[in-house]
Amino acid sequence: MNAGLLLRGDAPPGPGFRVDEGRCFPIRQGQEGPGPVVYWMSREQRVQDNWALLAAQDAALARQRGLVVVFTLTPSFPDASVRHYDFLLRGLAEVSQELAGLDIPFLVLCGHPPEELGAFLDRLGPALLVSDFDPAPAKRQWVVEVASQRREPMVEVDSRNVVPCRLASQKAEWGAYTLRPRYHKLLPHFLTPIPALLRHPFPASVQGAFPLPELKASLRAVYRDAPVSDLEPGARSAARQLQQFLTQGLPFYAQRSNDPNASVCSHLSAHLHFGQLSAQRIALAVQAAPAPQDAKDAYLEQLLVRRELADNFCWYNPRFASPAGFPDWARATLDLHRADVRPHLYQDSALENGETHDPLWNAAQHRLALRGHLEGYLRMYWAKKILEWTDCPEHAFELALRLNNRWLLDGRDSNGYVGVAWAIGGVHDRPWSERPIFGKVRYMNLEGCRRKFKVDDYIAHSPRPVAPLAD
Ligand code: FO1
């Protein structure tokens, strides 16, 4: 079974197919219906720079059929709140407008995705179904359910990773140092310009719709946390944010990426998480930017190798969201120090409210909760202190993930899981000198932060909650 054959159907191979087959994975063969090609958008919530959507358009053009885009909206994402769904829906509103301008119908189905999608496809009789590569367990389960119920062919396309996850490596890599050589060998082949999605010449038998009030009413998000105000969702604002980073952040990235007071942070992680911006677009823009090469290399190492190493971990390690996914050396050393005295022990609510003895940690927790964002260096410090101030590593990991997924806009992202697992469980890291509680897991402390940046400035510029954050 070959993804290229499924996409082409009976059409001869030709220039019409703009997506590298290495990005495409055959989910199931099947019987083509008389209807349009359907792209089931989920992880990549954007119109341009979306390889899955381009592949679906090529397949539709080859068959002279319509092209329909559908998104399945569900309130069931763990620890997701109003702030996540607000960011997602406002981004989809822009997708809806942009697709309408290209004569491509866009619909949002509310409820349990496999059921809603199945009923929708039954009415359409699609020729082919295209979906997004996504290591999130819920998404993988949806794909299994849909593929087992459907009869039309189904192809999955990796539009998240510049080098497709399945090709970059066929196993969970030990660390960036083991992935990097393979990755850089494949990168030139895949870091290419991205063709534009075209106005679609063939009609589909369905009208697009985006009833925002009804969509909001369908969501019973668990947490009512307020939307964040200093980050605008959507592809247009992501493009503006990228331009701002290229001129104001990137040039200084090599020297100052560990200084949270410097404005070198890209602030693009939420747009990347919801797929409103393509990492490939960022990488092409960074390569072309008039910035020092060491700054560009430092940023691309984070955007490409480190970020795509996170998908590698979540895709190949089924226990990525559990301490069982930590490397053996880390589990052993944390076990050995399980009974060490904890000089500071806090209740979950005290940590969530940012009420500890450490003003820097409190400031980080307040920024995380009130702005939905936290600079990379402080994310590491923030998670490591949770290991130090809770009663055991398992509790620390569960709490850090819950706070990460509830309050950070990019919560639930592979990067988020791996960031917490790196900090608490030594994932993709190595053993360091042994000490209480941490064992050989890398340690960080306030003095270390003071050597890196002006801690008092950071605290002075951090927001304070007017009411307790924890429920
Ligand atoms: N993906 C969907 O296909 N449908 C949803 O309703 C949905 C809600 C959602 C809420 C919060 C969040 O952080 C992610 C959400 N996603 C949803 C998943 C998202 O599109 C990404 O695919 C995953 O987070 C994995 O990166």
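This is a predicted model: local features need pLDDT of at least 70, side-chain atom pairs count only at pLDDT 80 or more; totals for chains, interfaces and linings use all residues.
Trainee: Why give an area for an interface?

Mentor: The size of an interface is often stated as the accessible area lost when the parts come together. Here, Asp79, Arg83 and His84 of domain 1 lose the most area to domain 3, together 65% of what the domain 1 side buries.

Trainee: How many residues does each domain bring to the contact, and how many salt bridges cross the interface?

Mentor: Domain 1 supplies 10 residues and domain 3 supplies 13. The rule finds 0 salt bridges between domain 1 and domain 3. The centres of these two domains, taken over C-alpha atoms, are 37 Å apart.

Trainee: What span should helix 13 have?

Mentor: At 1.5 Å a residue, the 24 residues of helix 13 (residues 293-316) should span 34 Å, and the end C-alpha atoms are 33 Å apart, which agrees. Helix 13 also bends by about 30 degrees at glutamate 301. Of its 24 residues, 17 are buried, so helix 13 is largely enclosed by the rest of the structure.

Trainee: Where is aspartate 49, and is this residue buried or exposed?

Mentor: Aspartate 49 lies in the loop between strand 2 (37-41) and helix 2 (51-63). Buried means under 20% relative accessible area; aspartate 49 has 12% relative accessibility, so it counts as buried. Its phi is positive, near 60 degrees, in a residue other than glycine.

Trainee: What is the phi of histidine 267?

Mentor: Histidine 267 has a positive phi of about 55 degrees although it is not a glycine. This histidine sits in the loop between helix 10 (253-256) and helix 11 (269-273). With 28% relative accessibility, histidine 267 counts as partly exposed.

Notes. Residues are numbered from 1 along each chain as its sequence is written. Side-chain values use heavy atoms; hydrogens and water are left out. Helices (H or I, at least four residues) and strands (E, at least two) are DSSP runs, numbered from the N terminus. Buried means under 20% relative accessible area, exposed over 50%, partly exposed in between (1.4 Å probe, protein chains only). The expected span of a helix is 1.5 Å times one less than its number of residues. The bend at a residue is the angle between axes fitted to the seven residues ending there and the seven starting there. Domain bounds come from an automatic or database domain assignment. Contact means heavy atoms within 4.5 Å. Buried area is the accessible area (1.4 Å probe) that two parts lose on being put together, summed over both. A salt bridge is a side-chain nitrogen of Lys or Arg within 4 Å of a carboxyl oxygen of Asp or Glu.
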